[in-house]
Amino acid sequence: MHVIESGNVAAATGVKLARTQVIAAYPITPQTPLTEKLSEFVSKGQMTAQYIPVESEHSALSVCIAASSTGSRTFTATSANGLLYMSEQVHWASGARLPIVMCVVNRGVGAPWTVWNDHQDSISQRDTGWIQMHACDHQQILDTVLKAFMVAEKVSIPVMVCYDGYLLSHSYMPFEIPKQEDVDRFLPSFSSDCKLDPEHPLNQNTVTLPDVRPDIHGNMSPGYMEIRHNLQQDLICSLDVVKEVEDRFKGIFNRGGSPFIESYLCEDAEYVAVCMGSLSYQLRDVVDQLRNDGQKVGVAGVRLYRPFPNQAVIDAFSGKKGLVIFEKGISYGNQGPLFTDITSALYQVEERPFAHNYILGIGGREIKTQDLLDTFRKSIQSGRKNEIKTEWIGLKL
Amino acid sequence: MFVFAFDMETEFIWEKHFNNLTTNGNQMQQSTIQIRWHGRGGQGAITAAKIVANAAFFSGYNGAVMIPTFGTERRGAPVLTSLKISKEKIYDLSPIVNPDIVVVLDYLLLEEKGTLDGLKEGGMIIVNSPKTPEEYSYGHITVATADVTSIAESVGLKRGIVNTGIIGAFSKASGLIGIDILSEKIKDEFRDIKPEENAEAARLTFAKTVVGGK
């Protein structure tokens, strides 16, 4: 069934179809309509989940950690300062290896106060050990929520599903709501073999010494460093799981297929624009325009930001003449984080494309399609020169 | 002077008109019809545009997106939303810069800065106004008017509820989407609040909308 609804409703619909059992969330713009919709689903009996109202984001994720520890399929959602308020628990959830799914409706971070879109909130949490997926439209939001639960539960690592505040959360477009029986076929119910259960009491995540030591059975148990090393290893291995889940999804729903990088006209392209989120779709019109002028260009949207798909980046971009990397976030004091990741992945490639870094849309500054066109054109004309410094688009100083 | 006919051919006529526009205009995505809605906070311009997006999709426009521009809204402050419709999927969610049509829920907004910005030569203004199109003069722009405020009140809606009536004016003046499917979608949206009256407001406004020359 097709509907025209907002991105937040698409996310809520995915959470409902996934038969999520526990939801705890605290409202924050532009995430609020998502949690409102979920509480409506629960109060009308359209969903059998427990919706637990909390007094803060820190509590929201704490409740999710507790619920997930008992083996429940668990969801929360937030934005910007809400995400940062729960940051301690964000680290805890991945360290405790809990398969929580959280929508991050991307918004700029205060101060100064802003409610509008950029990517600084989720980018600032990229080193927490969560998987981070980005959606470009409403269909992808819904579908990614479903895939996120499957990936999270297979690798025991929590997943953030990120989508642009307002641009996607509050816009309306058609998307298909999959049938419940198809979703059930795709996503089996969650079972955990290491859960809190009053019948079988156990301690989890207690103080762990710097070195390994024998446990009460005499077996050597890992120290903090081993446990953290395993998280890193499992995150790298989750790349294969992300691909597997994508293929399984495509087999049932006949959609998707590009879990790492979603490319448009990149095959024969000499120059490729790279970015995350809905901007990669906006750039398709720019690419069409430049193709009309005879330029061999394409656009690539990075869908999976953590773990970073280094090999997919190498496969997609080695041999290109140039990359134009557009970002709605910045690593203050250095450069755009996506730029750093992409150029780092390509360091080992012999024929490296030049890479230019543009920062734009910060705090919801309007991204004009004409500006994207002019910038892309300028980068192509500048030749093969690499630029370390970032340039800001649409800045009015 | 461009004359609109209101029969099965209207869509074709508009598309021909529209193609003339886009070949001359500086349009990024040639096949997209761009409609910008202006109202005041609380008037329901966003709901109106959402209803039209819905009806457009179910009339065969596979690309129908509505992107509100959010400021720090207060009741009464000017608000706007971008509605783009196309036979193909729409990828560009940036606010409309060069609209083909501007729909205005309060004629006083015509005097506000920004309301008519970027409107294409040969484009159209559809406005809730007690005046006739002849009382407006915007060069090569078609003006369509309907006194939606009075019409809506006459069918039993609370004074000031104009966001369903204006949809009737949009249907008649643009010829893009039929009034039947729009009425149906209005009833869906307002199933709990006077569905029949809201649909009737659109139908009656459709009948009473006057489309001027240019």
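These notebook entries record what I looked up in a predicted model.

**Conventions.** I worked with a predicted model in which local features need pLDDT of at least 70 and side-chain atom pairs count only at pLDDT 80 or more, while totals for chains, interfaces and linings use all residues. Residues are numbered from 1 along each chain as its sequence is written, chains are lettered from A and ligands numbered from 1 in the order in which they are written, and side-chain values use heavy atoms, without hydrogens and water.

**Entry 1: chain B as a whole.** I began with the secondary structure of chain B, which comes to six helices and seven strands. Helices (H or I, at least four residues) and strands (E, at least two) are DSSP runs, numbered from the N terminus. From the N terminus on, I read the order α-β-α-β-β-β-β-β-α-α-α-α-β. Of the 214 residues in chain B, 55% are buried; buried means under 20% relative accessible area (1.4 Å probe, protein chains only). For contacts (heavy atoms within 4.5 Å), I looked at those in chain B with a separation of 6 or more, and 63% of them join residues 24 or more positions apart. I noted an accessible surface of about 9,100 Å² for chain B, with 51% belonging to carbon and sulfur atoms; the areas come from the Shrake-Rupley method with a 1.4 Å probe.

**Entry 2: strand β15 of chain A.** I then asked how many residues of β15(A) are buried. Six of the six residues, 322-327, are buried, so the strand is largely enclosed by the rest of the structure. In a regular strand the side chains alternate between the two faces of the sheet. Here G322(A), V324(A) and F326(A) point one way, and L323(A), I325(A) and E327(A) the other way.

I next followed the pairing, for which DSSP must find at least two bridges between two strands. Strand β12(A) (residues 271-275) runs parallel to β15(A), with four bridges, and V272(A) has L323(A) as its bridge partner. Six bridges join β15(A) to β16(A) (residues 354-359), also in parallel, and V324(A) stands opposite H356(A).

**Entry 3: R284 of chain A.** Lastly, I located R284(A) in helix α10(A), residues 279-292. Is R284(A) buried or exposed? R284(A) is buried, with a relative accessible area of 9%. Leaving aside neighbours within four places in sequence, I found R284(A) in contact with E262(A), S263(A), Y264(A), V299(A) and Y91(B). With the side chain of Y91(B), the side chain of R284(A) makes a polar contact at 3.3 Å. A polar contact is a pair of N or O atoms within 3.5 Å; within protein, one must be able to donate a hydrogen and the other to accept it, and residues adjacent in sequence count only if both atoms are side-chain atoms.

Note on methods
Buried means under 20% relative accessible area, exposed over 50%, partly exposed in between (1.4 Å probe, protein chains only).
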